[in-house]
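Me: I'm new to this one and would like a walk through it. Can you put it up and start with the terms?

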Amino acid sequence: MQFADLGEIRLHYQVDGDPDGAPVVFSNSLGTDLRLWDKVLPLLPAGLKFIRYDKRGHGLSSMPKPPYSMGSLVRDAELLLDHLGVKECAFVGLSIGGMIAQGLAVKRLDLVRSLVLSNTAAKIGTAEMWQERVNAVLRDGIEPMADNVMERWFSREFRNTVELELWRNMLTRQPVNGYAGCSAAIAGTDFYTPTSGLRLPALGIAGDQDGATPPDVVKETIDLIPGSRYHLIRGAGHLPCVEKPEEFAQVLTDFLKETGHV
């Protein structure tokens with residue numbers, strides 16, 4: 001296990017692949033840890049350096065007292081990459097990880113060479129909706145809402161497999177304060193204006209059965225970046241890297257090759 005002591009926060013991270021390769025950084029969704037990318041990494045080209053991490057309040061990273069701001073989550077990623085000496089990475093973010101990706105690219109273009117925004121948006125939901133979720137989680141825990149979350153995360157076909165239990169367990173075993181803290185960060189985020197100012201290679205990925213960030217929301221966001229690409233994965237929900245890892249990996253590989261990262 002690898003930890004970066006960044007002062008206010010201690011982040012758990014993992015480095016795979018070629019230690020001297022071009023860096024690809026992965027930032028996962030709300031209620032998941034860095035294992036979200038387990039199925040995809042073995043399918044990506046050799047010679048790349050893969051960096052994954054648990055954001056604050058998730059996985060094995062430390063958990064400051066909530067609520068969190070998106071600025072603090074972006075700052076965590078920035079400090080981690082500086083700590084690791086990473087420059088010009090391809091940054092792959094899913095859901096809240098995609099919001100972190102947008103914020104980091106706006107703040108530190110020296111760190112981010114290209115951007116993959118998967119199942120995310122410049123603004124997700126409303127502040128009122130997220131505050132209701134924060135209140136419910138702090139009052140009742142995550143278990144009562146787990147089945148509804150699974151419906152947003154996965155297609156009906158996947159929900160009929162035994163693997164669903166593993167992802168449901170990952171969600172329900174998530175610390176309440178970490179989940180609530182990151183939910184508050186999403187509630188306060190609207191990146192439409194800053195993201196529209198980005199000028200870098202960008203790819204948007206959506207799942208046609210995503211109940212959290214529907215395809216039109218993902219496309220609206222990626223279209224803010226001139227010259228960007230968009231890919232719809234059919235038969236997948238909010239986590240296509242779990243349901244359709246082969247297609248996800250192929251689309252990501254094609255993008256990395258097109259942008260000269262491979």
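Reply: Buried means under 20% relative accessible area, exposed means over 50%, and partly exposed is in between, using a 1.4 Å probe and protein chains only. This is a predicted model, where local features need pLDDT of at least 70, side-chain atom pairs count only at pLDDT 80 or more, and totals for chains, interfaces and linings use all residues. Residues are numbered from 1 along each chain as its sequence is written, and side-chain values use heavy atoms, with hydrogens and water left out.

Me: What about Ser95, what is its phi?

Reply: Ser95 has a positive phi of about 60 degrees, although it is not a glycine. Ser95 sits in the loop between β5 and α2 (96-107). Its relative accessible area is 8%, so Ser95 is buried.

Me: Now the sheet. How many strands, and in what order?

Reply: There are 8 strands in an open sheet, ordered β1-β2-β4-β3-β5-β6-β7-β8, and the pairing is mixed. At the edges are β1 (2-5) and β8 (229-233), each pairing on one side only. From one strand to the next the twist averages 25 degrees. For pairing, DSSP has to find at least two bridges between two strands.

Me: Which way do β3 and β4 pair?

Reply: In the parallel sense: β3 (residues 22-27) and β4 (residues 48-53) are paired over 6 bridges. Ser27 lies in β3 and stands opposite Tyr53 in β4.

Me: Is Ser27 buried or exposed?

Reply: Ser27 has 1% relative accessibility, so it counts as buried. Neighbours within four places in sequence aside, Ser27 is in contact with Trp37, Tyr53, Phe91, Val92, Gly93, Leu94, Gly97 and Ile100. Contact here means heavy atoms within 4.5 Å.

Me: Which strands does helix α9 lie across?

Reply: Helix α9 (residues 215-222) lies across β6 (112-118), β7 (202-207) and β8, and runs at about 175 degrees to β7. Helix α11 (residues 245-258) also packs on the sheet, touching β3, β4, β5 (89-94), β6, β7 and β8. The direction of α11 makes about 170 degrees with that of β8. Such angles run from 0 to 180 degrees between N-to-C directions, and axes are lines fitted to C-alpha atoms, for helices over the stretch in contact.

Me: What about helix against helix, say α3 and α7? At what angle do they pack?

Reply: Helix α3 (residues 127-140) and helix α7 (residues 176-187) pack at about 170 degrees, with their axes 9 Å apart. They are therefore roughly antiparallel to each other. By the cut-offs, angles under 35 degrees count as roughly parallel, over 145 as roughly antiparallel, 65 to 115 as roughly perpendicular and the rest as oblique.

Me: Which residues meet there?

Reply: From α3 they include Trp130, Val134 and Leu138, and from α7 they include Tyr179, Ala180 and Ile186. The residues of this contact divide into 11 nonpolar, 2 polar and 1 charged. Nonpolar covers Ala, Val, Leu, Ile, Met, Phe, Trp, Tyr, Cys and Pro; charged covers Asp, Glu, Lys and Arg; the others, Gly among them, are polar.

Me: Switching topic: how many disulfides are there?

Reply: A search of the whole structure finds 0, a disulfide being a pair of cysteine sulfur atoms within 2.5 Å. Cys89 is in none, and its nearest cysteine sulfur, that of Cys241, is 17 Å away.

Me: Last one. Where is the peptide bond from Pro66 to Pro67, cis or trans?

Reply: That bond is cis, with omega near 0 degrees. Pro67 is in the loop between β4 and α1 (70-83).

Conventions: Helix = DSSP H or I, 4+ residues; strand = E, 2+ residues; numbered from the N terminus.
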